[in-house]
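Student: Could you walk me through reading a structure, one feature at a time?
Tutor: Gladly; let's look at it together.

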Amino acid sequence: MRENPSSPMPYFWKTYVRQVSGRLSLGALTAALAGIMALALPQLLRGVVDRLATDPRPGTLLGGAGLMALLGLAEAALYLARRRLTVIPAVALEQRMREDLFSRLQRLPAQFHDRWSSGQLLSRSMSDLGLIRRYVAFGGVITISSTVLIAVGLVMMALLDWRFFLLYALIAAPMSIASFAFRTRFNRASRHVMDLQGDLATTIEESVHGIRILKAFGRADYTAERLTAQLGGLRDAEIRKASTLGWFLAVVTALPLLANAAALVLGVVLIADGSMSPGTVVAYFATAAVLVNPLQELGQLIGMYISTKAALQRHVEIMWAEQSIASPADPVRPPSAGQLAFEDVSFRYPDSPADAPPLLHGISLALTPGETMALVGETGSGKSTLLQLVPRLYDPTEGRVLLDGADVRTMDLADLRSRVAVAFEEATLFSDTVENNVL
């Protein structure tokens with residue numbers, strides 16, 4: 001049963017993330033513990049400040065400084081552990097996804113590659129999978145740890161003084177509204193940028209591959225103008241994407257700072273009338289300082305998640321593409337004799353107009369072992385298409401192609417293609433030895 005293309009996350013979890021979820025969970029746990037260590041520092045600072053007010057001895061200050069140094073070292077060790085726990089499985093996950101994508105591309109029928117440009121496939125296999133890897137190693141883990149850090153920090157603020165907690169809680173509503181609006185706009189912007197990058201990669205790849213033709217027919221300037229137009233479109237899309245993120249970052253940066261400004265006024269007033277100790281105010285601002293980075297990173301993390309989701313959607317468009325040509329469940333294996341026959345074969349390309357006649361119609365011929373045949377016709381008359389029906393690069397619309405008496409659609413694809421050798425008129429040289437290119 002095929003997955004639902006509109007919900008790639010369950011597929012992603014089941015196929016890739018679940019195998020490394022243990023290490024990733026430990027990475028998130030160590031990051032959360034590091035955040036809690038950071039939140040313990042303001043509480044320690046509160047005790048030191050209040051104690052110095054009544055017992056201003058060097059031992060009090062040095063003891064507090066020593067404990068803060070130990071907490072800092074523990075926090076650094078936990079962050080190092082988080083890196084080691086998450087980076088390795090994320091890189092392995094990216095490698096597996098890239099291998100699966102390449103394997104899928106090898107097995108998809110020729111009509112799929114007729115519809116998809118090489119640049120779009122390259123961008124999906126390189127930049128999109130790199131983005132997914134970065135989110136698994138960093139974005140997802142930091143999102144979990146930051147959520148824990150913010151929740152624990154708000155609880156600590158409530159324990160310090162309910163008024164401080166209320167100030168920070170009041171910024172949650174506008175940030176939630178901004179996050180909802182940002183998510184929709186940034187999702188569209190991210191997908192548009194990725195599609196434009198794929199189109200640009202296609203243009204560059206085709207220009208490099210066909211540089212001799214472009215030079216011979218004087219089309220270099222035209223290609224350069226086309227590339228410049230695409231670059232301009234990509235630049236404008238990137239600017240719109242960055243502007244959307246910038247506005248959101250401005251909101252999530254300004255709101256916590258406004259809350260801190262109000263807390264400063266409140267703290268001074270409460271200290272002046274003797275209802276709050278200086279250590280409590282210091283602890284609040286130290287806690288707020290710890291929380292400011294997670295709050296400011298919230299927009300980037302949401303943006304990173306949305307971009308990753310768009311990249312994953314683009315990935316599954318390939319992985320879930322229809323496999324119209326595949327080996328049958330119970331393939332036949334006829335003895336290899338070298339007999340080839342076409343029986344009343346007709347063919348039309350899937351994207352041809354409905355009222356267009358078929359490219360091939362009623363083709364019947366038989367070739368016996370040792371026989372040589374030359375098929376002659378005008379360009380575009382279907383000679384190469386007829387040849388491609390034998391190894392099932394395409395399947396005939398009507399009729400049958402028989403190899404050694406068996407319909408090629410009843411044979412295993414690997415077996416069929418091991419019996420057929422095809423030499424196309426356009427040679428493609430791979431980055432390999434001469435021997436392997438010949439093979």
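Student: In which helix is the place of Asp128?
Tutor: Asp128 sits in helix H5, where helices (H or I, at least four residues) are DSSP runs numbered from the N terminus. A word on the source: this is a predicted model, in which local features need pLDDT of at least 70, side-chain atom pairs count only at pLDDT 80 or more, and totals for chains, interfaces and linings use all residues. Residues are numbered from 1 along each chain as its sequence is written, and side-chain values use heavy atoms, with hydrogens and water left out.

Student: Is Asp128 buried or exposed?
Tutor: Buried means under 20% relative accessible area, exposed over 50%, and partly exposed in between (1.4 Å probe, protein chains only). Asp128 is buried, at 3%. Beyond residues up to four places away in sequence, Asp128 touches Ser123, Met194, Ala311 and Arg314; contact means heavy atoms within 4.5 Å.

Student: Which residues touch the most other members of the largest nonpolar core?
Tutor: Such a core is a set of buried Ala, Val, Leu, Ile, Met, Phe, Trp, Tyr and Cys residues joined through side-chain atoms within 4.5 Å. Here the largest has 29 residues, and Tyr168, Tyr284 and Leu291 touch the most other members. Helix H10 (278-319) is one of the elements giving two or more residues to this core, and H10 supplies the largest share, 8 residues. Another core, of 28 residues, lies apart from it and includes Ile132 and Trp320.

Student: What follows H9?
Tutor: Gly274, whose phi is positive, near 80°.
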